[in-house]
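User: I am new to this structure and would like a guided tour. Could we go through it step by step?

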Amino acid sequence: MPSHPTLSVRNLAIEYQTRRGWVKAAQAVNFDLLPGEALALIGESGSGKTTVGTSLIRLLPGNATISAGEIVYRRPVADGSATEIDVRALDAEGLRRFRWKEAAMVFQGSMNAFNPVLRISDQFNDTSRAHGGPRGRELVERGKSLLELVRLDPRRVWEAYPHELSGGMRQRVLIALALLLEPQLLILDEPTTALDVLTQRSVIDVLRDLRKALNFSMIFISHDLALAAELVDRMATFYAGTIVEIGNTRTLFNRPHHPYTRGLLRSLPTLDSDRAEVASIPGSPPDLINLPKGCAFHARCQAAQAICSQDMPPPEEVAARHIVRCHFWRDVAGAARAEATR
Amino acid sequence: MSAIPIKSTPSRSGLALRYLGGRLLKALLTIWLATTLTFFLIRLMPGNPIDIYMEELLRAGASAEDARNQAAMMMNIPLDKPVGEQYLDYMAKLVTGDLGTSFKARTVPVAEIITQRLPWTIFSVGSSLLISFTLGILLGTLAAYRRNTLIDLLITNFAALMEALPAFTLALLAVLMLGAVWKVIPISQLRGALSPGVQPEFSLEFFSDVFMHWRVPAAIYVLTTVGGWILAMRANTINALGDDYVTVAKARGLRDSRIMTAYVGRNASLPLFTRLAIVIGFSMGGSLIIEQIFKYRGLGYEAVQALGARDYPVMQGIFLVTTTAVVVSGLVADFLYGYLDPRVRIKATGP
C-alpha cells in the first residue's frame with residue numbers, strides 16, 4: 001500500500017535576519033519522507049541543509065523565521081489513515097510535546113549535548129517524564145536496552161556523568177536517548193563529523209542496524225556523500241538553499257541529472273573506479289542575501305548557457321520520485337552515463 | 001563531613017582522606033601564619049593600651065596623678081615583657097583554647113565577648129547575605145531571560161548602581177533621610193541589636209524587637225551587595241542559555257521550568273555558590289561600617305571598639321575568628337563545588 005508520507009515539506013522558505021540584510025537560507029524546498037524511509041540532505045556548508053533539518057522541529061535560532069511553506073507530519077492511526085500535524089501551526093506546548101516524542105534530533109558534535117551536572121540516567125528520566133513516558137524500573141530497563149542497541153555497556157554508561165564518556169560514546173548515548181520515546185522521525189545533523197574514522201564507522205553501523213530493527217523514518221544531514229550513501233534510500237542535494245536534485249541513492253550515484261550533484265560525486269576519491277583524478281567544483285557558493293538571477297549554480301556550472309542566468313529552472317520530475325532543477329538535465333544525465341560506461 | 005561523595009572503592013576513599021588531610025594541614029598553617037602576623041602587626045600600631053587609657057582619663061577630667069594610678073592598675077598586662085616572649089605566652093595559651101582577657105574590661109575573657117557578639121553578626125550578616133544571594137539569583141535569571149528588554153535594562157542598571165555605591169554612603173543616607181529628615185524610621189530606637197530591657201526569650205516581643213533592629217542595617221547590606229550577585233548571575237545565565245545542552249534540552253521537549261532550573265540555573269549558579277561560601281567566611285568578621293553606623297552590637301562593632309582602645313587580646317580574638325572563618329569557608333567552598341559539579345569531584349579525588 002502506498003502509505004501516507006511521515007513528513008511532507010512544501011515550498012519551505014527560511015530567512016535569517018543579519019546586519020547586512022535577510023539571508024535566504026532556504027527557499028522552495030519540497031520533499032516527502034515515507035514511513036521507514038531514510039533521506040539524506042547533502043550539500044556544502046551554508047547550503048541550508050542544517051537550517052531545513054532544524055526547522056522540522058522548529059528549533060531555529062532566534063534571528064531565523066520560516067517565511068513560507070508547510071511542514072506536515074503524519075502519525076498513522078489504527079485504521080490505516082493518519083493524524084496530520086501542521087508543525088508550523090503548533091503552539092508552544094504542542095511543539096514541546098511534538099519534539100522528541102514524534103521527531104527527535106541528534107545534533108552535530110554532541111560533545112556538549114548533555115547537562116554536565118546530571119547523570120545519563122537522570123537525563124533519560126527527564127526526557128521520559130516530560131512526555132509521560134516510562135518511569136522507574138520500566139525506564140531503567142528500556143534505557144539500558146537502548147544503550148545496548150547502540151553498542152554501549154549499560155553498566156558503565158547508565159549511571160555515568162557525561163564527562164566520563166568519550167565523544168563517540170556521547171554521540172551514541174544521544175542516539176539511544178533519541179529513540180527512547182519511539183519517535184517516527186529521527187533527524188541526524190552531521191552525527192559523525194566530530195568523530196574519528198573508526199568511531200564514525202561504528203556510529204554508521206549502529207544507525208543502519210537500528211533502522212532495520214526499529215523501522216523509523218530518518219533524515220540524515222551530511223556533507224559526506226559517500227557516508228550518507230551507505231545509510232539512506234534517497235538523497236537530496238542542496239545548493240544555495242534549495243534542493244537541486246532529489247532521487248534514489250542508486251540513481252543519484254550512478255546517473256546524476258544535475259551538474260552540482262555530478263560535481264559532488266566527481267569530487268569523491270574512489271577506489272573502484274579508474275577515474276584518475278578527483279575534480280573539485282570551481283568557484284564558491286553565491287551570496288544568500290543577493291541571490292543571482294536565474295539558476296543559483298550557473299556561475300560555477302560547466303554546462304551553463306544563456307538561459308541559466310535568466311530563468312530559474314523549474315523542478316522537473318524526470319522519473320518516478322526523481323526531481324531535478326536544471327534546464328539541461330538531459331545533457332548532464334547523458335554525460336554521466338557516458339562516463340559511467342566508459 | 002562526607003563532603004565528597006565518592007564510590008567506596010578503598011583506593012579512592014584512601015586518596016580522598018589523604019587529600020582531606022593535606023587540605024586541613026594547609027588550613028591550620030594558614031591560620032597560624034595569620035595569627036602570628038596579626039599579633040606583631042597590631043603591636044606596631046602607634047599608641048598602646050595604657051597611653052590611650054590615660055588619655056581617656058585625662059580628657060574625662062582626671063588629674064594626671066589619678067590617671068597614672070588608674071593606668072598602673074592595668075600593669076598586670078604583660079606589656080613590659082619582650083614581644084617574642086609575649087608571643088610565646090599567647091600561643092601557649094591559645095593552643096589550650098584560652099584567648100586571654102580583655103585589657104579594657106579586665107575581668108572579661110575574650111572568649112566571652114566573642115560568644116556574646118558573634119551570634120548577632122552571624123544572624124544579621126548571615127540572613128542578609130542569604131537574602132541578597134537569593135534575590136541576586138532570581139533577578140539575574142530574570143534579567144538574562146528577558147535580556148534587552150525594559151525589565152533587563154532596569155535590573156541591570158539598578159545592579160550596577162548598587163554595586164558602585166559604598167555601604168557607608170547608603171547607610172548614612174538612610175540615617176539622614178529616612179531617620180532625620182523624613183522621620184520614617186525611629187532612628188534613635190534602632191540603635192543596637194536589641195532595645196534596652198528586652199531579654200532573649202521565646203516571645204513575640206523579643207522577636208519583633210530583633211526584627212525592628214535588624215531590618216534597616218540588613219536592608220542596607222542587601223542593597224549594597226545584591227548588585228554583584230545579579231550581574232554575575234545574569235552573565236552566567238546568558239552564557240548557559242547559549243550552551244548546546246540547553247538547545248538539546250529544548251529539542252528533547254523538556255518543560256521550560258525544568259530547563260530553567262536544572263539545566264540553565266544549576267550550571268549558571270555553580271560558581272556563585274563557591275563565592276557565597278567565601279563571602280560568608282569574610283562576613284563573620286561582621287560588617288564593620290554598617291554595625292558601627294547603626295551601633296549594632298556585632299563582632300564588627302566590637303572590633304572597632306577594641307581597635308580604638310588598642311585592646312590587643314580582643315583584637316587578636318576577633319581576627320582569629322575571622323581568619324578561621326575565611327579559611328574554613330574556603331575549604332567548604334572547595335568541597336561544595338566538588339559536590340555540586342561532578343567534573344571537579346573526579347579531579348579532586350581521582351587517581
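This is a predicted model: local features need pLDDT of at least 70, side-chain atom pairs count only at pLDDT 80 or more; totals for chains, interfaces and linings use all residues.

User: Let us begin with chain B. How many helices and strands does chain B have?

Analyst: Chain B has 14 helices and zero strands. Along the sequence, its pattern is accordingly written as α-α-α-α-α-α-α-α-α-α-α-α-α-α.

User: What box do the C-alpha atoms of chain B fill?

Analyst: Taken along the principal axes, the box is roughly 85 × 65 × 40 Å.

User: Let us look at one helix. How many residues does α7 of chain B have, and what does it reach from its first C-alpha to its last?

Analyst: Helix α7 of chain B, residues 167-181, has 15 residues. From first to last C-alpha it reaches 20 Å, close to the 21 Å expected at 1.5 Å a residue. Just after α7(B) comes K183(B), which takes a positive phi of about 55°.

User: Now for helix pairs. At what angle do α5 and α13 of chain B cross?

Analyst: Helix α5(B), residues 110-145, and helix α13(B), residues 312-340, cross at roughly 50°, and their axes come within 9 Å. The two helices are therefore oblique to each other. Their crossing is right-handed.

User: Which residues make that contact?

Analyst: From α5(B), the residues are V110(B), I113(B), I114(B) and L118(B). From α13(B), they are P313(B), V314(B), G317(B), I318(B) and V321(B). By class, the residues of this contact are eight nonpolar, one polar and no charged.

User: What about α12 and α13 of chain B: how do their axes cross?

Analyst: Helix α12(B), residues 299-308, and α13(B) have axes that come within 9 Å and cross at roughly 145°. This crossing is left-handed.

User: Which residues of α12(B) and α13(B) meet there?

Analyst: L299(B), E302(B), A303(B), A306(B) and L307(B) of α12(B) meet V314(B), M315(B), I318(B) and V321(B) of α13(B). This contact has eight nonpolar residues, no polar ones and one charged residue.

User: Changing topic to chain A. In what order do the strands of its eight-stranded open sheet come?

Analyst: The order is β6-β7-β8-β3-β9-β10-β12-β11, with mixed pairing. The edge strands are β6 (103-106) and β11 (316-319) of chain A, each of which pairs on one side only. From one strand to the next, the twist averages 20°.

User: In what sense do β3 and β9 of chain A pair?

Analyst: Strand β3(A), residues 38-42, and strand β9(A), residues 234-239, pair in the parallel sense over four bridges. A40(A) stands opposite M235(A) of β9(A).

User: Which strands does helix α10 of chain A lie across?

Analyst: Helix α10(A), residues 259-266, lies across β3, β9 and β10 (242-248) of chain A. Relative to β9(A), helix α10(A) runs at about 105°.

User: And the open sheet of four strands: what is its order?

Analyst: That sheet of chain A has the order β2-β1-β4-β5, with antiparallel pairing. Its edge strands are β2 and β5 (82-86) of chain A, each pairing on one side only. The twist in this sheet averages 15° from one strand to the next.

User: How many bridges join β1 to β2 of chain A?

Analyst: Nine bridges join β1(A), residues 7-18, to β2(A), residues 21-33, and the two strands run antiparallel. They form a hairpin with two residues between them. T18(A) has G21(A) as its bridge partner in β2(A), while V9(A) stands opposite F31(A) of β2(A).

User: Finally, how many residues of the two chains are in contact?

Analyst: There are 22 residues of chain A in contact with 19 residues of chain B. On the side of chain A that touches chain B, α2 (92-98) and α3 (120-130) of chain A each supply at least two residues. The largest share, three residues, comes from α3(A).

User: How does that side of chain A divide by class?

Analyst: The side of chain A that touches chain B has twelve nonpolar, five polar and five charged residues.

Terms used. Residues are numbered from 1 along each chain as its sequence is written. Chains are lettered from A and ligands numbered from 1 in the order in which they are written. Axes are lines fitted to C-alpha atoms, for helices over the stretch in contact, and angles run from 0 to 180 degrees between N-to-C directions. Angles under 35 degrees count as roughly parallel, over 145 as roughly antiparallel, 65 to 115 as roughly perpendicular and the rest as oblique. A crossing is left-handed if the near helix is turned anticlockwise from the far one by less than a right angle, and right-handed if clockwise. Two residues are in contact if their C-beta atoms, placed from the backbone, lie within 7 Å. Ala, Val, Leu, Ile, Met, Phe, Trp, Tyr, Cys and Pro count as nonpolar, Asp, Glu, Lys and Arg as charged, and the others, Gly among them, as polar. Two strands pair if DSSP finds at least two bridges between them. The expected span of a helix is 1.5 Å times one less than its number of residues.
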